[in-house]
Amino acid sequence: CETGKQTGNVYQRSVSDHLAYVWQLVTAYAKQLVKVRNQKVKSMGLSAQVTATGHQIQTMHTQAKMAGAMGATAKTMAAVNKQVKVEDVARTMQTFERESAKMDMTGEMMEDTLDSLLTGSDDEAEEDAVVSKILDEIGIEVNTKLSGVGVAGHKLGGADKTKDVDDIQERLKQLHS
């Protein structure tokens, strides 16, 4: 029986040695897992820093291009300012304003002259006399015919009256021309 005890002790020792060995492996693997996770976090952090650095470089490049464009714009503006004389522009604008005022006054004078010519009271009386004379020559009495006409010739009865009105209008046009 002692051999059974020895075998049992050896067996217990071998199992406990085996368990200790497995425990050491599990601990080593756990440590490696923690290190891999930490490296993954560090790697993601470094990747974010590299991406941020890339964006900063791109922003700096864009700003450099913008500075160059602003410099070119400033040079162009300086060249334009050298070519444009403020005094000449002011003088031209004053001349334009003066000539525009003259033109307005001339237009007003022409309008006043035409109004005075066209609104003479003698002209109206003379025109009425000419119209009456023409109507008398063609044999139309104004008062009797106009009372039956109505608004814009709506009461004209037939083709004969329309023809008479057309003839009168034609003769009036000939007199005015």
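Predicted model: local features only at pLDDT ≥ 70, side-chain atom pairs only at ≥ 80, totals over all residues.

Analyst: The notes below cover the fold, the salt bridges and the surface patches.

User: How many helices and strands does the protein have?

Analyst: The protein has five helices and zero strands; helices (H or I, at least four residues) and strands (E, at least two) are DSSP runs, numbered from the N terminus. The order of elements from the N terminus is α-α-α-α-α.

User: What share of the residues is buried?

Analyst: Of the 177 residues, 3% are buried. Buried means under 20% relative accessible area, exposed over 50%, and partly exposed in between (1.4 Å probe, protein chains only).

User: And the total accessible surface of the protein?

Analyst: The accessible surface is about 16200 Å², and carbon and sulfur atoms account for 60% of it. Accessible areas come from the Shrake-Rupley method with a 1.4 Å probe; for residues, only the protein chains shown count as cover.

User: Which residues make the nonpolar surface patch?

Analyst: Y21, V22, W23, L25, V26 and Y29 make a nonpolar patch of about 640 Å². Patches consist of residues with over 30% relative accessible area and no salt bridge; like charges are joined within 9 Å, and nonpolar side chains (Val, Leu, Ile, Met, Phe, Trp, Tyr) within 5 Å. W23 belongs to helix α1, residues 2–83, and is exposed at 62% relative accessibility.

User: Changing topic: how many salt bridges are found?

Analyst: The whole structure contains two salt bridges, each defined as a side-chain nitrogen of Lys or Arg within 4 Å of a carboxyl oxygen of Asp or Glu. R91 pairs with D88, with the closest N and O atoms 3.0 Å apart. Both R91 and D88 lie in helix α2 (residues 86–118), three residues apart.

User: What about E99 and K102?

Analyst: Their side chains form a salt bridge at 3.6 Å, N to O. E99 and K102 are separated by about one helical turn because they are three residues apart in helix α2.

User: Is D88 buried or partly exposed?

Analyst: D88 is partly exposed, with a relative accessible area of 36%. E99 is partly exposed at 41%, and K102 is partly exposed at 41%.

User: Lastly, which residues form the negative patch?

Analyst: The negative patch is formed by D104, E108, E111, D112 and D115. D112 lies in helix α2 and is exposed at 52% relative accessible area.

Conventions:
Residues numbered from 1 in each chain as written. Heavy atoms only, no water. Lys, Arg positive; Asp, Glu negative; His and termini not counted. Charge placed at Lys NZ, Arg CZ, Asp CG, Glu CD.
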